[in-house]
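Student: Could you show me how to read a protein model, one feature at a time?
Tutor: Gladly; let us look at it together.

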Amino acid sequence: MDKQPLNTGEQKDMTEFFTDLITKIEEMSPELKNTVKSLFGGVITNNVVSLDCEHVSQTAEEFYTVRCQVADMKNIYESLDEVTIKDTLEGDNMYTCSHCGKKVRAEKRACFKKLPRILSFNTMRYTFNMVTMMKEKVNTHFSFPLRLDMTPYTEDFLMGKNDRKEGFKEDGEYLKETESYEYDLIGVTVHTGTADGGHYYSFIRDIVNPHAYKNNKWYLFNDAEVKPFDSTQLASECFGGEMTTKTYDSVTDKFMDFSFEKTHSAYMLFYKRMELEEENGKDYKFDVSSELLEWIWHDNMQFLQDKNIFEHTYFGFMWHLCSSIPSTLPDPKAVSLMTAKLSTSFVLETFIHSKEKPTMLQWIELLTKQFNNSQAACEWFLDRMADDDWWPMQILIKCPNQIVRQMFQRLCIHVIQRLRPVHAHLYLQPGVEDCSDDMDGPVEDIGSRSCVTRFVKTLLSIMEHGVKPHSKHLTEYFAFLYEFAKMGEEESQFLLSLQAISTMVHFYMGTKGPENPQVEVLSEEEGEEEEEEEDILSLAEEKYRPAALEKMIALIALLVEQSRSERHLTLSQNDMAALTGGKGFPFLFQHIRDGINIRQTCNLIFSLCRYNNRLAEHIVSMLFTSIAKLTPEAANPFFKLLTMLMEFAGGPPGMPPFASYILQRIWEVIEYNPSQCLDWLAVQTPRNKLAHSWVLQNMENWVERFLLAHNYPRVRTSAAYLLVSLIPSNSFRQMFRSTRSLHIPTRDLPLSPDTTVVLHQVYNVLLGLLSRAKLYVDAAVHGTTKLVPYFSFMTYCLISKTEKLMFSTYFMDLWNLFQPKLSEPAIATNHNKQALLSFWYNVCVDCPENVRLIVQNPVVTKNIAFNYILADHDDQDVVLFNRGMLPAYYGILRLCCEQSPVFTRQLASHQNIQWAFKNLTPHASQYPGAVEELFNLMQLFVAQRPDMREEEIEDIKQFKKTTISCYLRCLDGRSCWTTLISAFRILLESDEDRLLVVFNRGLILMTEVFLLLILIKSLLFLPIQYIIPISAFTLNCFSVVSFKIQMNYVDELLMCKTLIFRLMGKTKDLPDMPELSCTNLNE
């Protein structure tokens, strides 16, 4: 309507399309607007009738389609009832009368005031599921009649004229003569598929022909397919619902009924008002232009012709005619040629265009046989296509059927191979007989004496004017040229003489070749200046480069290699300029960026650069310049090509050292794309000895820069992976990459001596960076995760005690990093501290030499207990952080206490330890590792040695007194009974300890614990129906039971008994006290 072509690839809802269509028609002219309104426009009114006064409120609304609810509806009548249902407004929902100004009871109802000639219904088959938050299609059964009576839904019927009150409008616009409210179904649009996509087709009734209309004649319109349709099948095709089919059940060895929802159902319905008898009987006349009539006539004739041509009987006739030529006919050569011509013309102009081609293979075999028997037929076939490119254009390039294109390409190759022994010496001959053989004549004359070369020249000319590089079906076209070039030296030299390389390059780039091309050769000084201001050619328009061009790259690479003569390429100036000319190698850059056959691109670069190291350096420079200026996604093909260049080893002489060139330039672009460059190096290092040696020797230049200093976590992780790749052990690398959290030492991992040497070299470099790491711990500037990959990898390197002892020299660097930069700032979750403490703990385990470094340093022992810890047990992030950090921290303190009694006494009196006992041990389920280490510390704090001095014993007593008092004052026996029992097991050793508990109401607290355990024991054996009605407290106890079932709670119970009776002065063991059995205590 707006003079723009219809976008057939755009998906649109049928109702939206219908609305847009009639809107566009209305905008064309006032006459068409009136026509559309009279055909499809109707009026629906919303009436509010007051029950307490004589007033009526009425509003009118025009419609073109009626929305029909499908969900929970059986048919269209129920849906129309839902539209016109009466709703009573009363109570809190009373209606405010616009005339009276007061609240009144009222009835609200919608009615059809005016119905159009064509009544359109939109079945609401699409709904939005609020649970899954997805659009869904309703496939339930929904029926509609062939004849629909709309009388019960009109205003005249629902709002009877005799009952109308004041305020009811009789608008003259809608006054009409007596007309029928009965409608005949004339069209159904069906949607098949899901809510996300599908296909539309239609069933349409013939309303133009009166006889066909009376006989209920229907047609199916499905894209280009139009055929008669049986109206009795409308229910099965349009109503939706379920369908049942038979499926074989191998278990029962029977056919079972299997029901599933239909995905096809009516989406739009079109009803036409029943006309009077005289209107039904009249003939319709249309004014059709002569041009349209002539077009229709020719189209029908073409249809009839195609119908007769593509009949299977005709195909059979042609098969018998072409395959059964008697051998007794005179002049068999002429007959063979004629038969081949007939067969070829039929197959290429008729047979391959049929929708079904079941005998295609037999026809191709027949053509192959006929060409084998007749050299003249082969020459005719190629001559025909050399003079007229219709067959190669229509079949090799434009045909959408890949099998047909492949068959044609193979047939052409077969014909050329059949002629090669006779025609090969003519390929490079000029067209004039007496011309000299120096090949200095015009390119147009070369190959004119053979039908093979003339056909190939015709194909090459197609690239110049007959096809675009973004065409979809070019695979077979370039596959033919590629196979032709591989036949022998004559074929490849012929293509080179035609400058086929420049033709293909200009075709791909969408440009014309220069008139006087000159290959740009740079001096050393000019090359350096060029590199400084080198830029990458960017196309003005982003073009779609299909994978069909992969054979083109392979062909170019083959031709370049075939042009080699010892140490030099014999390419023409045009071809060399097309490949290597221009700023930034535009052809190489463009097809690498498009990712077209990178393997053959690598071969092409190898061929171009043999004995030409300077060109190799410039190409490598172009690759890295491209990587620096492209996005990571767009740079992927360039990294893939670099990988292939790095993998090259050995091969023919004269190959430039690509690996050295690449490694020298990698640091120049790593700033632009660090993560991708590091990942690429991590892949190359285990594969390439040169890359491994180079990365290892240059560690001082990149480790701190990317592992510590870089701001992006992804880059720091990539740097850690590169370090791992330096270790020549597959198991070492795989275990590191498979670990998801902070790494643990790789104990019991056998490494060869050479591997160990490399590991120690890497590990030494990392240890040397401990003094530099303090530059990156300021959370306000660098965040709290910058050192995590660094310490994770060092922890992972702790294979044996040797690596732990290597740390000794750098102990003070670690301490100066931890205190006060990491230990004192009030940061709830400092992951740098967590990673450092994990490394520190693992480097001290089974290494008393490193522990001795701590306890023998007075500065360290004085300040190591100062460490900021946030005990927020409701913040899940804080809990998870503490769960990982605290076991390592308290593990270090435990290792120090096990070596130094002096440090033990000093730490036992520290306020932070008492804080940990008070705030952490009651939460064993949240911090199991930390609580275990704290109780281990507690045992060390109360342990006595024979050679202890009196003041040390007094310190132990004071520690016990302080800790017991803290627990009795702060803990609740009903919620912290596990902590109380575990702590008192350690702390209650003497009568003095027990008296301290008794005097501080500890006996009552332990009795609560004991009674709670008894309750838990009894609940373990209660049936569930007795547990449900008990109090909330008992339910809480029962929830504890589910946790304690996995533990030996009987030991806890007996321990609690022991503690109680010890507190009461009963120090005998339980086996000697039968009166204290569980049964007696329960009673």
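Student: Which are the buried residues of helix 16?
Tutor: Two terms come before the case. Helices (H or I, at least four residues) and strands (E, at least two) are DSSP runs, numbered from the N terminus. Buried means under 20% relative accessible area, exposed over 50%, and partly exposed in between, with a 1.4 Å probe and protein chains only. In helix 16, the buried residues are Glu-476, Tyr-477, Phe-478, Ala-479, Phe-480, Leu-481, Tyr-482, Phe-484 and Ala-485. Because 9 of its 12 residues are buried, helix 16 is largely enclosed by the rest of the structure.

A word on the source: this is a predicted model, where local features need pLDDT of at least 70 and side-chain atom pairs count only at pLDDT 80 or more, while totals for chains, interfaces and linings use all residues. Residues are numbered from 1 along each chain as its sequence is written, and side-chain values use heavy atoms, with hydrogens and water left out.

Student: What do the buried residues of helix 16 pack against?
Tutor: Packing is read from contacts, meaning heavy atoms within 4.5 Å. Here the partners include helix 13 (390-397), helix 14 (402-423) and helix 20 (550-562).

Student: Which residues line the largest cavity?
Tutor: On a 1 Å grid over the protein atoms alone, a cavity is a set of points where a 1.4 Å probe fits but cannot get out, and lining residues have an atom within 4 Å of a point. Among the lining residues here are Val-347, Met-360, Val-404 and Phe-408. Helix 14 gives the most to this lining, with 4 residues.

Student: How many nonpolar, polar and charged residues does that lining have?
Tutor: Ala, Val, Leu, Ile, Met, Phe, Trp, Tyr, Cys and Pro count as nonpolar, Asp, Glu, Lys and Arg as charged, and the others, Gly among them, as polar. The lining of the largest cavity has 10 nonpolar residues, no polar and no charged ones.

Methods. On a 1 Å grid over the protein atoms alone, a cavity is a set of points where a 1.4 Å probe fits but cannot get out, and a pocket is an open set with protein on both sides within 12 Å along at least five of seven lines; lining residues have an atom within 4 Å of a point.
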